[in-house]
Amino acid sequence: MKAIVQALMLTIVACWLPGLTAPAAAQVPPEFSNPKIVLFEEQKGDGGYWTTTLPDPQNSDSSRRLAQPISPGRVAVRQAMMQRHVLEEYVEFLSPLRLPRTYRVFASDCSGNAWDSPYYDSANRWMNMCYSFIGDAAAKADYLAENQAKMKLWTPVSKEQLIAGLFAATVLHETGHAIFDLLSVPVFGREEDAADQMAAFIALQFGTETARTIIKGFAYYWGYEAVVDKADPGAVAMSIFSPNAATEDSDTRCLQDAFCAFSDMHGTASQRMYNTLCLAYGGDHAAFQDLIDAHWLPPDRVKNCDNEYRQAYLAFSKTIYPFIDQAQMAKVKAQQWFQPEELKEK
Amino acid sequence: MKRTFRTATVTFCLIFPVLAAAAAPARGQTSHGKITVEYGSSAAFAQIAADLKERKVSEELQQFLAPLQLPKDLKITARDCGAQTVPYTPGGPVTICYDSIAQIVEEAKKIYPQDAFSKNLVITGATIEVVLHETAHAIFDILQVPIWGREDDAADRLAALLMMQFGEDMEKVTIYGTTTYFKALADSEKAWSGSDYANRAAPDAQRYFNYLCIAAAADPSIFGGALRTGTIPQFRAADCSHEYQQIVTAFYLRIMPYVDPDAMVKVRATQWLNWSPGNAASAGTQQNPNLGNAPTPAKR
């Protein structure tokens, strides 16, 4: 079983983020290098793909204070990510961004948990892409791909497309946090919603196929959380928590309370799904008309989608666009960032 | 002594207490938009309309907004809407629905059927919230403020920031009134599910925590109890300081340049409330965990 899971992960990750013929060594091509966006190595030569967890000196669990070796189950994920040059391509993708401060990027076994997901750390100005996220994404993708009819997905999706889209969307969400921090962007709304908007907005700038892959990945993930994991307040399932969390934990109790659960700085799973879909439709009616036809957005919300996209466009234009090297951006937009099977509607 | 109070004082005075230095004067404008406030007549809510007129809320509102040097006119209209809100559309006007004030009054009566002071405190605070929130949309539009995140949340966060700029009496009235009202609505309404979450406005419970989080970070001496007692859970409490600093920074960058600092000082020096919630033993405010307890001064 373990071998099958590892093979699955290898296959899934090997199919993700294709396109560029990558050099044998883990390096960013000179024409896409950016001195302010660097691969953060734990050991010299690892290319930013750590072989350990991230040490946490403040952790109450003494075993977490020092770096621990990568979990055996995630070694294959690391290798697959390296083979696909995930970090390098991410750095290339961001190369047009003229940052005033250095942004470090790496991948690790994070806290060693199976549910760790990529995150941006503003104190250290780095992005940590957790290996375990691929496994979590793969499990959800399996379920969704097999239960499409039951879940009445507005458009078919393959496992490959789902994993690729979800991973890209998640990384772009964290990139949103990074950009807000590194560029001191004024954020009037809630930052988690803003980061979702950033991910969707960027997705919409790279053509219909890329947009649909990323939007579907994000929206279907949140739909899964809402419907299968019952993550919306008042319908919380234990599956979203650590299996070791004691029910006496106050934060856990809060998330099980229909009122307190709304205290989360993130929107609910359903809110995030609808926000993403609305922005997508507002940004490209033609590309996302099918989700409207399938009634995935209530009419009252549809009415405002154009405004929501205009708002995101205005925000991006005023706060981010001045920091983008347009010539470099043209090179990035000319690249194919997904493999054909990941863009293909099932 | 029975105290009277003013209702629905709309305040969009752009106080920024952190900056002791004078803010930059409004950008090179020789003329500014007019701010007008109008009352529509009301068949369904005649008493509310009459109360607002009697208390000269429009005059106070215009005085309060005076420091704001907008490049275009801002019109605020209070009227019957047939709904709780009328979404703001670019170009305005700002619409304050008598319907929403009526709902606030009704809800406050249910929360405090016997305690007139606390009831009126909730009415005042929650009404100010409505006006600040709706006016925020207009400000975003007129100044073409870049908004990341959902606009309704942005309006709430700006309103919360402003509530915290007028001293502790105003803080208590507005934050307590707002959070009490939202809590009551959340407790009584049908639980959200499915496509309810497609609403571009946030659920009342979410708004409750958004306001309280900013208040707790902005003034822990008054609202820190919400953090200490776990009213705001730890996973959110840890982020409140960042949320407050974020809205402060956003305000400073995008709105402060349109504020006349001399006019701002005058507005800030004005006594907008002629009563203090902190002096009311019967208000129940002292027991409100949202308001917290002021730290005991160290003995010398």
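The buried residues of helix 1 of chain B are covered by elements that include strand 1, helix 2 (57–65), strand 2 and helix 3 (98–111) of chain B. The model is predicted. Helix 1 spans residues 46–54 of chain B, and its buried residues are B:Ile48, B:Ala49 and B:Leu52. Seen down the axis of helix 1 of chain B, these buried residues fall within an arc of 100 degrees, so they line one face of the helix. An α-helix has 3.6 residues a turn, so residues three or four places apart point the same way. The face turned away from the buried side of helix 1 of chain B carries exposed residues: B:Ala46, B:Gln47, B:Lys53 and B:Glu54. Just after helix 1 of chain B comes B:Lys56, with a positive phi of about 55 degrees.

Now turn to the sheet. Chain B has three strands, which form an open sheet in the order 1-2-3 with parallel pairing. Strand 1 (35–39) and strand 3 (94–97) of chain B stand at the edges, each with a single partner strand, so one side of each is left without a neighbour in the sheet. From one strand to the next, the twist averages 15 degrees.

Take the pairings in turn. Strand 1 of chain B pairs with strand 2 (residues 74–79) of chain B over five bridges, in the parallel sense. Here B:Ile35 stands opposite B:Leu74 in strand 2 of chain B. Strand 2 of chain B is joined to strand 3 of chain B by four bridges, and these two also run parallel. In this pairing B:Ala78 stands opposite B:Ile96 in strand 3 of chain B.

What covers the sheet on strand 3? In a regular strand the side chains alternate between the two faces of the sheet. Strand 3 of chain B is covered on both faces: B:Val94 and B:Ile96 are buried on one side, B:Thr95 and B:Cys97 on the other. Helix 4 (residues 116–142) of chain B lies across strand 2 and strand 3 of chain B. Helix 4 runs at about 165 degrees to strand 3 of chain B.

Step back to the whole chain. Chain B holds eleven helices and three strands. From the N terminus on, its elements run β-α-α-β-β-α-α-α-α-α-α-α-α-α. Of its 300 residues, 47% count as buried. Among contacts in chain B between residues at least 6 apart in sequence, 74% join residues at least 24 apart.

Next comes the contact between the chains. Chain B gives 35 residues, and chain A gives 35 residues. On the side of chain B that touches chain A, the elements giving two or more residues are helix 5 (151–163), helix 7 (204–218) and helix 10 (234–254) of chain B. Helix 10 of chain B supplies the largest share of that side, ten residues. By class, that side of chain B has 19 nonpolar, eight polar and eight charged residues.

Last, the core. The largest nonpolar core has 184 residues. Those with the most contacts inside it are A:Phe218, A:Leu277, B:Leu158, B:Leu212, B:Ile214, B:Ala215 and B:Ala216. The largest share of this core, 13 residues, comes from helix 6 (residues 159–182) of chain A. Leaving aside its neighbours within four places in sequence, B:Ala215 is in contact with B:Ala160, B:Met164, B:Glu171, B:Ile175 and B:Phe223.

How values were computed. Residues are numbered from 1 along each chain as its sequence is written. Chains are lettered from A and ligands numbered from 1 in the order in which they are written. This is a predicted model: local features need pLDDT of at least 70, side-chain atom pairs count only at pLDDT 80 or more; totals for chains, interfaces and linings use all residues. Two strands pair if DSSP finds at least two bridges between them. Axes are lines fitted to C-alpha atoms, for helices over the stretch in contact, and angles run from 0 to 180 degrees between N-to-C directions. Two residues are in contact if their C-beta atoms, placed from the backbone, lie within 7 Å. Ala, Val, Leu, Ile, Met, Phe, Trp, Tyr, Cys and Pro count as nonpolar, Asp, Glu, Lys and Arg as charged, and the others, Gly among them, as polar. A nonpolar core is a set of buried Ala, Val, Leu, Ile, Met, Phe, Trp, Tyr and Cys residues joined through C-beta atoms within 7 Å. A residue is buried if 20 or more other C-beta atoms lie within 10 Å of its own, exposed if 12 or fewer, and partly exposed in between; C-beta atoms are placed from the backbone. The arc is that of the directions from the helix axis to the C-beta atoms.
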